[in-house]
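Subject: Structure handover

Hello,

I am passing on the structure below. My notes on the aromatic rings and on one helix follow it.

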Amino acid sequence: MKTSFVLMAQYDGLAVIPLDFVCRDYFRHLTVEKLVRKVMDGEIALPITRMEGSQKAAKGVHIAHLADYLDAQAMAAKRECEKLRRSA
């Protein structure tokens with residue numbers, strides 16, 4: 001299953017998903033401000049797209065970048081699970 005197709009269905013075909021939606025659906029433990037701070041600090045590898053150069057411009061995450069991030073997180077979890085099973 002392609003994550004990007006699932007995201008297109010989830011977000012009605014939006015190319016750039018607003019940050020508040022991304023927070024609501026995938027980073028419930030963070031506020032939008034905290035998510036932006038963690039991205040800018042390099043703690044979360046998720047590019048944020050700004051709709052224009054202004055500081056107050058709408059921000060979002062391109063669907064392809066969110067799909068890549070989710071796939072990477074899933075692979076990391078799978079590797080960790082396999083490592084735990086081998087050590088058990």
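There are two aromatic pairs in this structure, which is a predicted model. In one of them, the ring planes of Y11 and F21 meet at 15° and the centres are 6.4 Å apart, so this pair is stacked. It joins distant parts of the chain: Y11 sits in the loop between helix 1 (3–10) and strand 1 (16–18), while F21 belongs to helix 2 (residues 19–26), 10 residues apart.

Y11 has a relative accessible area of 4% and is buried, as the cut-off for buried is under 20%. F21, at 29% relative accessibility, is partly exposed. The face of F21 also has R24 over it, 4.7 Å from the ring centre.

F27 and Y69 make up a tilted aromatic pair, with 5.8 Å from centre to centre and 40° between the planes. F27 is in the loop between helix 2 and helix 3 (32–40), and Y69 is in helix 4 (residues 63–87), so this pair ties together parts 42 residues apart in sequence. F27 and Y69 are both buried.

Now to helix 2 itself. Its buried residues are L19, V22 and C23. Viewed down the axis of helix 2, they fall within an arc of 100°, so they line one face of the helix. Among the elements that cover these buried residues are strand 1, helix 3, strand 3 (59–62) and helix 4.

Regards

Notes. Residues numbered from 1 in each chain as written. Predicted model: local features only at pLDDT ≥ 70, side-chain atom pairs only at ≥ 80, totals over all residues. Heavy atoms only, no water. Phe/Tyr/Trp six-rings, centres within 6.5 Å; stacked < 30°, edge-to-face > 60°. Helix = DSSP H or I, 4+ residues; strand = E, 2+ residues; numbered from the N terminus. Buried < 20%, exposed > 50% of the residue type's maximum accessible area, 1.4 Å probe, protein only. Lys NZ or Arg CZ within 6 Å of the ring centre and 35° of its normal. Arc of directions from axis to C-beta. Contact = heavy atoms within 4.5 Å.
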